[in-house]
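Reader: I am new to this structure and would like to learn how to read its features. Please take them one at a time.

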Amino acid sequence: MTEKTLLDVKGLKTYFYLEGKKVAKAVDGVHFSVKPGETVALVGESGSGKSITSLSIMKLIGKPGKIEEGQILFNGKDLVKFSDKQMTQVRGREIGMIFQEPMTALNPVFTIGNQITETLIRHKKVSKAEAEKKAIDLLKLVGFPRAEETMKEYPHQLSGGMRQRAMIAIAISCDPKLLIADEPTTALDVTIQAQILDIMDEMKKKFNMAVLLITHDLGVVAEYAERVMVMYGGQIVEQTTVENLFLNPKHPYTNGLLESLPSLEKEVDRLGAIKGMVPAAHEFPAGCRFSDRCPHVMDKCKAANPELVTVEPGHNVRCYLYE
Amino acid sequence: MSVIEKELKIETENDFIVEAKNLKKYFPIKGGVLKRTVGHVKAVDDISLSIIRGETLGVVGESGSGKSTLGRVILRLMEPTEGQILFENEDISRLSNRQLRPFRKDMQIVFQDPFASLNPKMNVQELIEEPLLVQTSLDKHERREKAISLLEKVGLRPDSRLKYPHEFSGGQRQRISIARALALNPKFIICDEPVSALDVSIQAQVLNLMADLQDEFNLTYLFIAHDLSVVKHISDRVAVMYLGRIAEIAPKKNLYDTPLHPYTEALLSAVPSTDVLNKREKIILKGDLPSPSNPPSGCAFRTRCPKAHERCALERPELINVSEGHYVACHLYEQ
């Protein structure tokens, strides 16, 4: 590889051990990489394993879950082998993270100022006064005009959009090289969503930060990401550039998703629905995990799971139709 | 019925099934030691609209716009503070609960969260039979038959009728809610964010089901949602709400092709588009929705409006008719 990669996930498997010896293969052999400064989206429906993938990268998987196999190379170092203590130096400092629900991610008993300066003092080893100055700058950057006053406010005093902006300020406070954004705008109204995504995009350009965007919203993917991975049943089923995905989708699941999406541009009498529902992670069908919902299903689909194959440079699909 | 046939039908008929006239719902804010009323949250503030038989009227708005309260007041699940609600030309806004009973079977509601709206202690059969037990004189056998046929109608297996809500997925639960709403052959159903908790592939299944049922039973829907694409797909006409008032109401095509209100324009531009070749220019609105307990003077949208002028702070714009069926509340369009 000529270009340097920032994050290289190789063969990641995260399993959950359920009661009665059942194993939920929430993430089952995921490969992808993120280059410095690019936005890569991980898209899928609930239960596809996209959030577990992001939590695995941060090593925030608790019992009964476990990273079974694979490597998570961040700047060439394998995070899977890191101890808890080493991870505290990575989280918040080299990898920032924002979550869907900023009210549960922020600590309700500390002021916003307190929560930003805490991160700065811990990771950057700066004095309290310096941290406060930097925190005010950060809040102004993410669009708080009265940043000095916001410093003294508690999370409950802010609206949903403001909380998410405060989360972004905390996440970027230590100039991370990678920002993981897990459904950052799902709980927000559409006008506020536009504000937040705009700020994220601006920060990304300003600090040359890479973004791993986890979302179920294909519109958000189309507008903000450069490359995209579609996940289904704990695996990547299609991986390509954003343009390719929307203009030239290959996998029947991707096609199904796009057709089931109502849009402002097209007018249809009925939406193209995918029959059935996402299987639970402990009861995937044998063979291709999409086989029981797929309109193009063949005999061999039920026998063995297809591999992710390259159909054209930079476009990988997990489907027998393209082998 | 094809889309064109339906449009024609709606244009030629003025058969209103539901009319709201100057409807208001104010919630008191209590304060101080004596819990005196110190102000009001004007959740629905002087709304008048008519719903034509057989149509789907979409209501869009952000959280706090009052769209759900509007639905609940129209069904009399909440008492209106002022104003009238006419159901098939009869004023139901002041009827007692007993007097309302015969109307109840004609008006139903499907809620957003099928996890909270179905009693977890009742199985599917009991859930669907409950309205039949209250409103009809069907015997046990007839009720069971009806429940089975409703389950088939909404695409659930009849042998699942002895299962409990927790055994179903979100999409299946929403199908149960729909079967329950259909049990009494209603004429009018309010759908309050019925698909917003569902994944897109399941959302499409439920939207298709609702459209099929509308054709089959000639249902009228008031479809409340925050997702502009979903509302565009399912509606014939669309109303845009902002802080308890209607900002714009028009046939779907007019509203989405030529939005007039600056708020509608901004809302539409903010919807992320999957059209990677033609990116829409975004209008990024400043700030958040103001508090409905203390709305700005004049036009409530003026604090975020890119086109606000002096007059907007002084006078509240009324809904005016600008073209066939297209109404907007904005000073820009007044003569």
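Author: Start with exposure: a residue is buried under 20% relative accessible area, exposed over 50% and partly exposed in between (1.4 Å probe, protein chains only). R270(A) has a relative accessibility of 27%, so R270(A) counts as partly exposed. This is a predicted model, in which local features need pLDDT of at least 70 and side-chain atom pairs count only at pLDDT 80 or more, while totals for chains, interfaces and linings use all residues. Residues are numbered from 1 along each chain as its sequence is written, chains are lettered from A and ligands numbered from 1 in the order in which they are written, and side-chain values use heavy atoms, with hydrogens and water left out.

Reader: With which residue does the side chain of R270(A) meet in a salt bridge at 2.8 Å?

Author: A salt bridge is a side-chain nitrogen of Lys or Arg within 4 Å of a carboxyl oxygen of Asp or Glu. Here the partner of R270(A) is D212(B), at 2.8 Å from N to O. R270(A) lies in the loop between α11 and α12 of chain A and D212(B) in helix α7 (residues 200-217) of chain B, so this pair joins two chains. Helices (H or I, at least four residues) and strands (E, at least two) are DSSP runs, numbered from the N terminus. D212(B) is partly exposed, at 39%. R270(A) also forms a salt bridge with D215(B), with the closest N and O atoms 3.2 Å apart.

Reader: How is the size of an interface given?

Author: It is often given as the accessible area lost when the parts come together. Buried area is that loss for two parts, summed over both (1.4 Å probe). Between chain A and chain B it is about 3,700 Å², with carbon and sulfur atoms giving 56%. Counting contact as heavy atoms within 4.5 Å, 43 residues of chain A touch 43 residues of chain B.

Reader: Which kind of aromatic pair do Y253(A) and F290(A) form?

Author: Rings of Phe, Tyr and Trp (its six-membered ring) pair if their centres lie within 6.5 Å; planes under 30 degrees apart count as stacked, over 60 as edge-to-face and the rest as tilted. The centres of Y253(A) and F290(A) are 5.2 Å apart and the planes stand at 65°, so the pair is edge-to-face. Y253(A) is buried at 0% relative accessible area, and F290(A) is buried at 2%. Ring pairs also bring in Y232(A), giving a cluster with Y253(A) and F290(A).
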